[in-house]
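Have the viewer open as you go.

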Amino acid sequence: MAMDNLSAFKENIFSFTAMLGRTPGGKLLRLPSGSFAALSGLPFAGENYAVFKERATPGEVSDALDFFEWRGSPFIVPQFPDLDRAALDFFASSGLSVKKKYTAMSLEYSKDYRRNMDAEIVCGQMGAIEWGTTVWSGFGGKGSAPQSYLDFAQFLTARWENRLYAMREDGRTIACGMLHKSENAYGVYYFTTVPEKRRKGLARRMMETLAATAFETRSSLVLLSTKEGLPFYLDFGFTPLADIPIYSSSDDI
């Protein structure tokens, strides 16, 4: 029986979270319900996740929050639609609040997507460093990307379940994205263009490549969209699956 798109989205983000906890400086906490808390080793809330299954208990939520507190690390908690009410109530009592509202989305399978020859697979140390520098700039990072972030990009490149893509112009990477493979879906992560090259069609060409690649072996392509990215994804053809409130104790996510 085929997995529905929201379940495929959740499967993929759980797989992605588990991977974050396997970075050289990371930690992964597995909880009895199948929930995870994952520390990537980076001091940015958006790179450290707690993800909870529908049967997660308040005790598991408490253990996950302690996991981050003991390490002094900021983190985020995506609230999936089927989360148990008791666990959800525990968020508020623990000082977490909704900082953003994202949208889970999926793209229907189609043979019509084509790879763009300008979108190259990232490999090697220098490719990973350029890719990480572009992601840092594209997501609003100030100044040069810290070495820890470039090391993280090299980790992502080396993982078998990831495929990183970059588009280059005049000797530098200007747009990028990543596919993360789980059993039933590919997920899109780190999809961005440097600010000065936006609105030139690069994002559409990159997404065409990601979709064409994903649909070669998986019938589902999923992602978690920010409010800012939503118009692009809707225009491309993605379908909203659910609103996903993002809880955190940090304002910088």
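## Starting from Met178

Let's begin with Met178: once neighbours within four places in sequence are set aside, Met178 is in contact with Phe16, Trp131, Leu156, Asn162, Arg163, Leu164, Gly187, Val188, Tyr189 and Tyr190. Keep in mind while clicking through these that the model is predicted.

The largest one has 40 residues, and Phe16, Leu20, Trp131, Leu156, Met178 and Tyr190 are the members with the most contacts inside it. Which helix gives the largest share of this core? That's helix α1, spanning residues 5–20, with 8 residues in the set.

There's another core as well, lying apart from the largest one. This other core has 26 residues, including Tyr113, Ile174, Tyr186 and Leu210.

## The chain as a whole

Zooming out, the chain holds 7 helices and 11 strands. Its C-alpha trace spans about 50 × 45 × 30 Å along the principal axes. How does the radius of gyration sit against the value for a compact globule? A compact globule of 253 residues would come in near 18 Å, and the chain has 18 Å, so the two agree.

Of the 253 residues, 51% count as buried. If you take contacts between residues at least 6 apart in sequence, 69% of them join residues at least 24 apart.

## Surface and charge

The chain exposes about 11,900 Å². Carbon and sulfur atoms supply 50% of that area.

On the charge side, there are 28 positive and 29 negative side chains. The centres of the two sets lie 3 Å apart.

Now for some backbone angles worth a look in your viewer. Tyr190, one of the core residues with the most contacts, has a phi near 55 degrees, which is positive even though the residue is something other than glycine. Tyr190 sits in strand β9, residues 186–193. Buried or exposed? Tyr190 counts as buried because its relative accessibility is 10%, under the 20% cut-off.

Arg199 isn't a glycine either, and its phi is also positive, at about 65 degrees. You'll find Arg199 in the loop between β9 and α6, the latter covering 202–217. With 89% relative accessibility, Arg199 counts as exposed.

## Two glycines in loops

Gly21 is in the loop between α1 and β1, where β1 covers 27–30. At 9% relative accessibility, Gly21 counts as buried. What does Gly21 touch, leaving out residues up to four places away in sequence? The list is Gly26, Lys27, Leu28, Ala38 and Leu39.

Gly143 belongs to the loop between α4 (124–138) and α5. This glycine counts as exposed because its relative accessibility is 65%, over the 50% cut-off. From Gly143 to Arg218, the C-alpha distance is 38 Å, for a separation of 75 residues in sequence.

Ala158 lies in helix α5, which runs over residues 147–158. At 66% relative accessibility, Ala158 counts as exposed.

Arg205 is in helix α6 and counts as partly exposed, at 28% relative accessibility. Which residues is Arg205 in contact with, leaving aside neighbours within four places in sequence? They are Asn116, Asp118, Met167 and Lys200. As for Tyr189, which is among the contacts of Met178, its C-alpha atom is 16 Å from that of Arg205, and the two residues are 16 apart along the chain.

Notes:
Residues are numbered from 1 along each chain as its sequence is written. This is a predicted model: local features need pLDDT of at least 70, side-chain atom pairs count only at pLDDT 80 or more; totals for chains, interfaces and linings use all residues. Side-chain values use heavy atoms; hydrogens and water are left out. Helices (H or I, at least four residues) and strands (E, at least two) are DSSP runs, numbered from the N terminus. The radius of gyration is taken over C-alpha atoms; the globule rule is 2.2 Å times the number of residues to the power 0.38. Buried means under 20% relative accessible area, exposed over 50%, partly exposed in between (1.4 Å probe, protein chains only). Contact means heavy atoms within 4.5 Å. Accessible areas come from the Shrake-Rupley method with a 1.4 Å probe; for residues, only the protein chains shown count as cover. Lys and Arg count as positive and Asp and Glu as negative; His and the chain ends are not counted. The place of a charge is taken as NZ of Lys, CZ of Arg, CG of Asp or CD of Glu. A nonpolar core is a set of buried Ala, Val, Leu, Ile, Met, Phe, Trp, Tyr and Cys residues joined through side-chain atoms within 4.5 Å.
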